[in-house]
Amino acid sequence: MLNGKYKSIRYILEKVFRDTGVAEGVDIYDAIEWTAECLELIGAPQIYAAKIDEIEICEFKGVLPCDLHLLMQVRYVESQTDADGNTRETYSPMRYGTDTFYMDNNNNKGIKQVGDLTYILNNSYIFTNFEEGKIQMAYKAFATDEDGWPVIPDDIKFVKAVEYYIREKIDYKLFRSGKLPQAVYEATLQDQLWYIGAAQNRGKMPSIDQMENIKNNWLRLIPKINQHSDFFKSMGQMEKRTIRGDGGYSNTRDVSGRDLFNDINDIIV
């Protein structure tokens, strides 16, 4: 698991310029683009910032967030006002649409039902099976600092991966123009590939607390198959069982009447 802290790309660029002695001819916007490419190649979800955006749906569609990179989940928001004038919001999970003719608005009219709310993504829009309403989208975006510059996880493997990705791009230009020997470029390329692989593995390593969630999710007597409905809040909770050892009958019999758990009544939470 990463530590949740970040370093600005400014730090990476200063390190590249200092270590290589090459500063002229390197465009800052090229370096930003290369940084984004490197982070996408690494592909660890933990390197992105978690965000929630509220989207208004009008005429079956809404505009996607401009910084959307990885969609996590979408839910429908319904506001209800009680007799005292207090407003509370209720949330219903949505699933991705499977209809081949989803983009036909006439096909979607009149089918909005709680538990069967769907959407699809297309051409920078989100399309829903209800004409108007409000939704919330949980997604991952590139992390940036207060000036809008990209930031990199404060981990040596990620720092070196981005550093050598930028160095490889600089060396490739020099190599193509005949200003750098092939052996030097290939050495930089080898280091780049090694550090990207190291960062990928680093991003996959869970912490002790994350491993506890994995253990609780796997070691269950009865699998939980409806975690999508509560937005996976209970995914890492340990299964709780109340065992009745009085020899009485339990509610765990199969269709033939055989007790599956030897008269043990398991209450799954």
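Colleague: Is Lys134 buried or exposed?

Modeller: This is a predicted model, and in it Lys134 counts as buried, at 16% relative accessibility. The cut-off for buried is under 20%, so Lys134 falls inside that class at 16%.

Colleague: Which side chain does Lys134 meet in a salt bridge?

Modeller: The side chain of Glu54, at 3.8 Å from N to O.

Colleague: And how accessible is Glu54?

Modeller: Glu54 is at 40% relative accessibility, so it counts as partly exposed.

Colleague: How many salt bridges does a search of the whole structure find?

Modeller: The search finds 16.

Colleague: What about Lys215, which partner does it have?

Modeller: Lys215 forms a salt bridge with Glu212, with the closest N and O atoms 3.2 Å apart. Both residues lie in helix α6, residues 208–218, and they are three residues apart, about one turn of the helix. Lys215 is partly exposed at 31% relative accessibility, and Glu212 is partly exposed too, with a relative accessible area of 35%.

Colleague: Which residues do salt bridges with shared partners join into one network?

Modeller: Lys15, Arg18, Asp19, Lys160, Glu163 and Arg167.

Colleague: Take Asp19 and Arg18 from that. How far apart are their closest N and O atoms?

Modeller: They are 3.8 Å apart, and the two residues form a salt bridge. Asp19 counts as partly exposed at 38% relative accessibility, whereas Arg18 is exposed, with a relative accessible area of 57%.

Colleague: Change of topic: the nonpolar core. Which residues of the largest one touch the most other members?

Modeller: That core has 24 residues, and the ones touching the most other members are Ile12, Cys38, Ile42, Ile47, Phe158, Val162 and Ile166. At least two residues of the core come from each of α1 (9–20), α2 (28–42), α4 (156–176) and α5 (182–204). The largest share, seven residues, is supplied by α4.

Colleague: Now backbone angles. What is the phi of Glu59?

Modeller: Glu59 has a positive phi of about 55 degrees, although it is not a glycine. Glu59 sits in the loop between β2 (49–58) and β3 (61–63).

Colleague: Is Glu59 buried or exposed?

Modeller: Exposed, at 55% relative accessibility.

Colleague: And Asn123, where does that lie?

Modeller: Asn123 lies in the loop between β7 (118–122) and β8 (125–128). Its phi is positive, about 55 degrees, and Asn123 is not a glycine. With a relative accessibility of 64%, Asn123 counts as exposed.

Note on methods
Residues are numbered from 1 along each chain as its sequence is written. This is a predicted model: local features need pLDDT of at least 70, side-chain atom pairs count only at pLDDT 80 or more; totals for chains, interfaces and linings use all residues. Side-chain values use heavy atoms; hydrogens and water are left out. A nonpolar core is a set of buried Ala, Val, Leu, Ile, Met, Phe, Trp, Tyr and Cys residues joined through side-chain atoms within 4.5 Å. Buried means under 20% relative accessible area, exposed over 50%, partly exposed in between (1.4 Å probe, protein chains only). Helices (H or I, at least four residues) and strands (E, at least two) are DSSP runs, numbered from the N terminus. A salt bridge is a side-chain nitrogen of Lys or Arg within 4 Å of a carboxyl oxygen of Asp or Glu.
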